[in-house]
Amino acid sequence: MTTASPFELNIREQPEALRELARRGPEPRLAEITARPWERIVLTGMGSSHTVGIPTWRAIAATGRPVWNVDAGQLLDTPGLLTPDTLVIATSQSGASAEIVELLARGRGGATLIGITASDDSPLARAADLHLPLQSGPEATVSTKSYLNSIVTHHRIAASFGAVDPRLVEQQIASAAEHVEAQVDLDLLGVAEAALTPPRPRVGIVGWGDAAATALFAALIIKESSKVPVEGFVGGEFRHGPYELAGPGFTGVLFGAGRDDVDRPLGRIAHDLVASGADVVLVGDLHLDGATTIETNADGSMAALIEQSVVAERLAVAFAHGNGVVPGAFAYGSKVTATL
């Protein structure tokens, strides 16, 4: 019998972490801040704490508000974005990543700060004008519980801006927890072994729209967990150069693949990759000849993002086992990146 790694145990703890966040409910002071007429709104973070903001950025932008989604390293290089009329929404699971700590040390240009973090005693939580705790509990290695709870917290922020329906957000937390419970031991070793078997394996992960966040999350945690070089791409950028990696030995994993995508960019790239001789894995409810589908909700909702993120985590576990390493065990890095 194989012993589960701390990473795998954290994956199993996600349904309860989601339920705890649901029980706490939205922060009532959030509406007071988001109602102000900000000169600009800046979403920031590093790694998956940055890319988890993509759906929030898209939703707020759709309301016509001036909103940026800039990683904290780039924000340190462009301090002119921050003024006393700026609202910064910073996500850091530890609340202590090097770039966030440096941003706080520089005074953040006098901007108002909403801090999203799992640690109540972190530099980000202490410095924030409003702290939104993730309620995800301790996490041993690679992000799991904190990522799913960040998805929910970001959707609550989008709801506070009037960008999404707040009732749907709260309703979907409970249903998402049930679906996650059914996925936490999903066995995707066959997908990983097929991807790693060719003599010159290449893996690319692509997502359009909100699913771009999941594609980038998947690529990051697969690298981090399994030490397999995998790259993530936002929508059409895959066509601009990386497409030359296609052909036998390439595996393309496409997140957010809905049945309506057959004649859209996602369906066309899936078709072209299959024709090139590549392996194609669709995460959603789209089925195409020659491709493998990992069945999930693909209706573009928060619940769909959560379900597909668990598939990303289980792919990370499978690639680690396929590569002969302990899933989620760090070789060089650590849970908190404290060095600039």
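Helices (H or I, at least four residues) and strands (E, at least two) are DSSP runs, numbered from the N terminus. The views below all come from a predicted model.

**Figure 1. Q135 lies in the loop that joins β5 to α9.** Let us start with the backbone here. Strand β5 covers residues 130-133, and Q135 sits in the loop between this strand and α9. Q135 is not a glycine, yet its phi is positive, at about 55°. Most residues other than glycine have a negative phi.

Figure 2. How accessible is K227? Its relative accessible area is 34%, so K227 counts as partly exposed.

**Figure 3. Helices α9 and α14 pack against each other with a right-handed crossing.** Helix α9 spans residues 145-160 and helix α14 residues 302-322. Their axes come within 10 Å and cross at roughly 160°. Angles over 145 degrees count as roughly antiparallel, so α9 is roughly antiparallel to α14. Which residues make the contact? From α9 come Y147, L148, I151, V152 and H155, while α14 supplies M302, L305, I306, S309, V310 and E313. Sorted by class, the residues of this contact are 8 nonpolar, 2 polar and 1 charged.

**Figure 4. Helix α9 also meets α5, and here the axes cross at roughly 10°.** Helix α5 runs over residues 54-62, and its axis comes within 9 Å of the axis of α9. Because angles under 35 degrees count as roughly parallel, α5 is roughly parallel to α9. On the α5 side, the contact is made by P55, T56 and A59; on the α9 side, by H154, H155, I157 and A158. What is the make-up of this contact by class? There are 4 nonpolar and 3 polar residues, with no charged residues.

Figure 5. Is S5 buried or exposed? With a relative accessibility of 5%, S5 counts as buried. Leaving aside residues up to four places away in sequence, S5 touches V326 and P327.

**Figure 6. A177 is a buried residue of helix α10.** Helix α10 comprises residues 166-183, A177 being one of them. The relative accessible area of A177 is 0%, so this residue is buried. Not counting residues up to four places away in sequence, A177 touches P15, L18 and R19. Look for E307 as well: A177 and E307 are 130 residues apart along the chain, and their C-alpha atoms are separated by 8.9 Å.

**Figure 7. S334 is placed in the segment after α14.** S334 has a relative accessibility of 39% and therefore counts as partly exposed. Where is T141 relative to S334? The two are 193 residues apart in sequence, and from C-alpha to C-alpha they are 7.6 Å apart in space.

Key: Residues are numbered from 1 along each chain as its sequence is written. This is a predicted model: local features need pLDDT of at least 70, side-chain atom pairs count only at pLDDT 80 or more; totals for chains, interfaces and linings use all residues. Side-chain values use heavy atoms; hydrogens and water are left out. Axes are lines fitted to C-alpha atoms, for helices over the stretch in contact, and angles run from 0 to 180 degrees between N-to-C directions. Angles under 35 degrees count as roughly parallel, over 145 as roughly antiparallel, 65 to 115 as roughly perpendicular and the rest as oblique. A crossing is left-handed if the near helix is turned anticlockwise from the far one by less than a right angle, and right-handed if clockwise. Contact means heavy atoms within 4.5 Å. Ala, Val, Leu, Ile, Met, Phe, Trp, Tyr, Cys and Pro count as nonpolar, Asp, Glu, Lys and Arg as charged, and the others, Gly among them, as polar. Buried means under 20% relative accessible area, exposed over 50%, partly exposed in between (1.4 Å probe, protein chains only).
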